[in-house]
Amino acid sequence: MKINSFNVTPILPDNLKALTELSQNMWFTWNWEAIMMFVGVNDELWHRSHRNPKWILGNVNPQRLQELSQDAKFLETLDKVHRTFREYMSSPKWFDNNRKPEESDMLAAYFSMEFGIGEGLPMYSGGLGMLSGDHLKSSSDLGLPLVGVGLFYQRGYIQQVLNRDGWQVERYPENDWANMPVEKVRDAKGAPLQVTVPLANETISVGIWRVPVGRVSLYLLDTNLPENPPQHRLITEQLYGGDRENRIKQEIVLGLGGVRALELMGIHPTVYHINEGHSAFLLFERIRQTMRQKGLDFNEAREAVWSSSVFTTHTPVIAGNEHFEPELVRRFLEPYSRELGLTWDEFLSLGKEDAKSTTFCMTVVALKLAAFLNGVSKLHGEVSREMWRGVWPALPTSEIPVHSITNGVHTSSWISHEHLNLYVKHLAQNPDCAANPSDACDWGRIRQIPDAEFWDVHMLRKQKLIGLIRGRYKRQLARQGADVTVLDEADRILDPKLLTIGFARRFATYKRATLLFRDLDRLAAIINNPAMPVQLVFAGKAHQADVHGKEFVKYIARLMSDPRFKGKLIFVEDYNMNVARYMVQGVDVWLNNPTRPMEASGTSGMKASINGVLNLSVLDGWWCEAYRPEIGWAIGGSEHYNDETERDNVESEAICNLISKEIAPLYYDRGELGLPKKWIERCKISVQSITPYFSTHRMVREYYDRFYVSAHRHGKLMLSDGIARATAQWRKCVRDNWSKVYIKNATPRLDHEIRMGERVTLRAKVWLGGLSPDDVTVEVCLGKLDPKGELSGVQTVAMRRDGTEGDAHVYTAEAAPGKSGRQDFAMRVMAGNKNIPHPYMPLFIRWEE
């Protein structure tokens, strides 16, 4: 049976037409006046729609629309919100005031597997999606030229339902795209735009949808098209769904299809940003297009693509990165590799860390084909350099070119409107404060906010959180068939006067959701301490295939019925953006206890801090940078343990000790008017310290300053005046001659005592074979030899050419040791070229032997 479809759009009174425009741009998700305006259309529909105003307008009673069209107060609000939106879309932003003339055509394309923009657009599962969404929002606020590219999921991520036993069951509701803020991208004649993507010996069609996110456009790729066979229509059915075969299909569609879609739409990014390895196939497609458009071979086109690509890694363990079996990759991409002019072995090598690698790793592809690389916190940068040293085996770990740009959060999306109003009232430096609080508030004045006013706002948010939890829990119990007595009890769970600790995140095992529960008797004593009682709020989803994570969910959910914890321990079902927002705005303490160093960054604690919540966390990810004793608490340090059991026991006990001996006493230490003045002081210092720095506004500006500008300039350089071809030829010359390059230390023996600060002349002889001195840099690396046989604390000093001796070039450098004791140094030659961002990929290096 053939099914035909058509879309029906609501008819709005003329004076309400602006609602249509406002409902179709995700800008409303971070503008409180717009949110309250849509709530005013129909409060019940707002919550039923998962905060989706387009759905509301399609389902609200026409009589209600007529009422609103005659409601002077509503029309005044609509006019104000619409004017604010139009001004936001057209007024100059940070980028307009800071860009240089040569960056006028800069455009970054940001690829990610998931985007968390709002509950009404469920295309996210966890922190990666939240970060991607916040990246787009801050880019919009800053006016940064950027487009996002992702996949158009028919079902998005799972909805979590707990059965009576506490076991997580998944639901997969289909997204009603006709009533979501998306639109098909069409050509000039109104026909939907489509690109084709090769899969093995087949070609599939991919549709394109657009989501306006303020001033930024997010493009989503869709394989659920009638012209595709059934198995290919399912490729974009579900986020992180299906088997390994479907996963590689998704990543091929995202990478190859994303680049082709932008090309078809006439969008020409000068910088491509790969957010995690899922989209790394885009690098091959960029090379293919550059080969075709510029008449270059693979190596020549690679220079241009490498120079203008950014890669952000998020995973601090090898196994967590995306690996595919080579035969699976071959099945789908061998014909495509021939279009690149590569043999299969050459193509495969680009996804292998070294010759011994047995899998094709998407992270390795990105590390080899993108010049600008970073982890998402300082600690994660260190971990990543150690983890991927096999890609650069001849470099000291500290020099591996994986840098760090610490994550942040989009402040306006996560701050409560009560806190925003409080900060604007007392801290505003300019009229932009309400729209851009992280930058436009004078955080140094936060201690001037009256304690009573600060505490009243916090308690209001706590009461709202408890109200949300009670309502959700009551609906959960009703669904499970609970009787009236049990339903009534749901109205009495949690007490706003009690110290409330929150924990909410993906239930991946390394996040250790059950760590606090290792000694239940000790925990029960803490929770039920009559002088200092404590209550716990937990939430989170396990991946549908993660049995261990589901066991964690079940364990905590079942503890709710334990008499020792009843009413004071709550697991909130179906964690989503809205629950997250209420939790980070309403608890007193935010608990985070991953296994260090497996939390690459983490951002939930940043969101809590904005709202005056204090952090209790392992020193991992962002907290390793932010922590000071006066703004929160650290669980352990950087200790090494004999095994995981010892670690868990020690750190579980540490959490209990901190709660019972430091946190609860501080919370219940009340002064005049019953205010916890020392607690409030700590909260204020935390807000002041964390909010202005750990924001995506700072993060996006840092990407722009450190990566995007350089990538834009180098990419354009490579495509001008034959530079890409000349650079590739230079690399070939280096490769052909490198076996003839070597270096020898020619420094006279240093027999006399060297005083600190005394200048020492170091001398080297270098043989270059067929290369010239312009093709290399010669350096001396000073440091101290560590137990691994590596130089640590490396200081690199360039050596200058001082003539020749026979067929050797002589280089010298002066060093002035700044520390006493033994000094170690090593000399090296590296290939160097002024036109490339850095000399580390591919790396040509020769150390003194």
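**Exercise 1. In what order do the 4 strands of the open sheet stand?**

Before we start: this is a predicted model, where local features need pLDDT of at least 70, side-chain atom pairs count only at pLDDT 80 or more, and totals for chains, interfaces and linings use all residues. Residues are numbered from 1 along each chain as its sequence is written, and side-chain values use heavy atoms, with hydrogens and water left out.

Step 1: recall the terms. Strands are DSSP runs (E, at least two residues), numbered from the N terminus, and two of them pair if DSSP finds at least two bridges between them.

Step 2: read the order, which is β21-β22-β26-β25, with antiparallel pairing.

Step 3: look at the edges. β21 (742-745) and β25 (800-805) each have a single partner strand, so one side of each is left without a neighbour in the sheet.

**Exercise 2. Find how β22 and β26 are joined.**

Step 1: β22 covers residues 760-767 and β26 covers residues 808-815.

Step 2: these antiparallel strands are joined by 7 bridges.

**Exercise 3. Classify the ring pair W344 and F347.**

Step 1: rings of Phe, Tyr and Trp (its six-membered ring) pair if their centres lie within 6.5 Å; planes under 30 degrees apart count as stacked, over 60 as edge-to-face and the rest as tilted.

Step 2: here the centres are 5.3 Å apart and the planes are at 20 degrees, so the pair is stacked.

Step 3: W344 and F347 both lie in helix α14 (residues 344-349; a helix is an H or I run of at least four residues), 3 residues apart, about one turn of the helix.
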